[in-house]
Amino acid sequence: YDGCNVKVSVDGGVTWALLPPARGYDQSVNTFPMCIPGEQAFSGHQNNTAFMRDCFGLEEYIGMDIHVGFFWGNDSSVNYPGWYIKWLKIGSSDSSPVEDASWGNIKALYR
């Protein structure tokens, strides 16, 4: 069914590695959805009316230029309300690994 997972790339997006959340993904999606067939993902299927929060550890990438990607897959044969991201924060409570000057450019991509 529908789902999304998070991946990280250290080579400018040529290759991507699955980034596991602290609590783990809630299921493996079936083989139908393009982009994430058979992969671990957040499906929202277990509790499709509530938003869930989770964290991803990026400590091993400190000091590196990385890309973080959200990879979606959907199965149009299923009639559910959809899959959404409500919040996104990159950083920590005491600092942020992204240069302040780039935040405006990043936010502009999602308006």
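Mentor: Before we start, contact means heavy atoms within 4.5 Å of each other. And keep in mind that this is a predicted model.

Trainee: Got it. Leaving aside its neighbours within four places in sequence, which residues is P21 in contact with?

Mentor: With sequence neighbours up to four places away set aside, P21 has F42, D54, C55 and F56 as contacts. P21 itself belongs to the loop between β2 and β3. Its C-alpha atom is 9.6 Å from that of A41, and the two residues are 20 apart along the chain.

Trainee: What makes P21 count as buried or exposed?

Mentor: Its relative accessible area is 7%. Buried means under 20%, so P21 counts as buried.

Trainee: And N5, how do you know whether that one is buried or exposed?

Mentor: Apply the cut-off again: N5 has a relative accessible area of 0%, which is under 20%, so N5 is buried. N5 is found in strand β1. Beyond four places in sequence, N5 touches L18, Y25, I36, E39, Q40, A41, G69, F70 and F71.

Trainee: What lies 3.0 Å from a polar atom of the N5 side chain?

Mentor: The backbone oxygen of Q40.

Trainee: Let's move on to the rings. How many aromatic pairs does the structure hold?

Mentor: There are 4 aromatic pairs.

Trainee: Why do the rings of W16 and F71 count as a pair, and what kind is it?

Mentor: Their centres are 5.2 Å apart, and the limit is 6.5 Å, so they pair. The planes meet at 70°, and over 60 degrees counts as edge-to-face, so that is the kind. This pair links distant parts of the chain, with W16 in the loop between β1 (3–9) and β2 (17–18) and F71 in strand β5 (residues 67–73), 55 residues apart.

Trainee: What makes the aromatic pair of Y25 and F42 edge-to-face?

Mentor: Here the planes are 65° apart, with 4.9 Å from centre to centre. Y25 and F42 are both buried, and together with F56 they form one aromatic cluster.

Trainee: What makes K7 count as lying over the face of F71?

Mentor: K7 is 4.5 Å from the ring centre. The distance limit is 6 Å, so K7 passes on that score.

Trainee: Which residues make up the largest nonpolar core?

Mentor: That core has 6 residues: V6, V8, L19, Y25, F42 and Y61. One of them, V6, touches residues including A17, L18, Y25, F56 and F70, sequence neighbours up to four places away not counted.

Trainee: How about the chain as a whole, what does its secondary structure come to?

Mentor: To 1 helix and 5 strands, running β-β-β-β-β-α from the N terminus on. Of its 111 residues, 23% count as buried. The chain exposes about 8100 Å², 54% of it supplied by carbon and sulfur atoms.

Notes. Residues are numbered from 1 along each chain as its sequence is written. This is a predicted model: local features need pLDDT of at least 70, side-chain atom pairs count only at pLDDT 80 or more; totals for chains, interfaces and linings use all residues. Side-chain values use heavy atoms; hydrogens and water are left out. Rings of Phe, Tyr and Trp (its six-membered ring) pair if their centres lie within 6.5 Å; planes under 30 degrees apart count as stacked, over 60 as edge-to-face and the rest as tilted. Helices (H or I, at least four residues) and strands (E, at least two) are DSSP runs, numbered from the N terminus. Buried means under 20% relative accessible area, exposed over 50%, partly exposed in between (1.4 Å probe, protein chains only). A charge sits over a ring if NZ of Lys or CZ of Arg is within 6 Å of the ring centre and within 35 degrees of the ring normal. Accessible areas come from the Shrake-Rupley method with a 1.4 Å probe; for residues, only the protein chains shown count as cover. A nonpolar core is a set of buried Ala, Val, Leu, Ile, Met, Phe, Trp, Tyr and Cys residues joined through side-chain atoms within 4.5 Å. A polar contact is a pair of N or O atoms within 3.5 Å; within protein, one must be able to donate a hydrogen and the other to accept it, and residues adjacent in sequence count only if both atoms are side-chain atoms.
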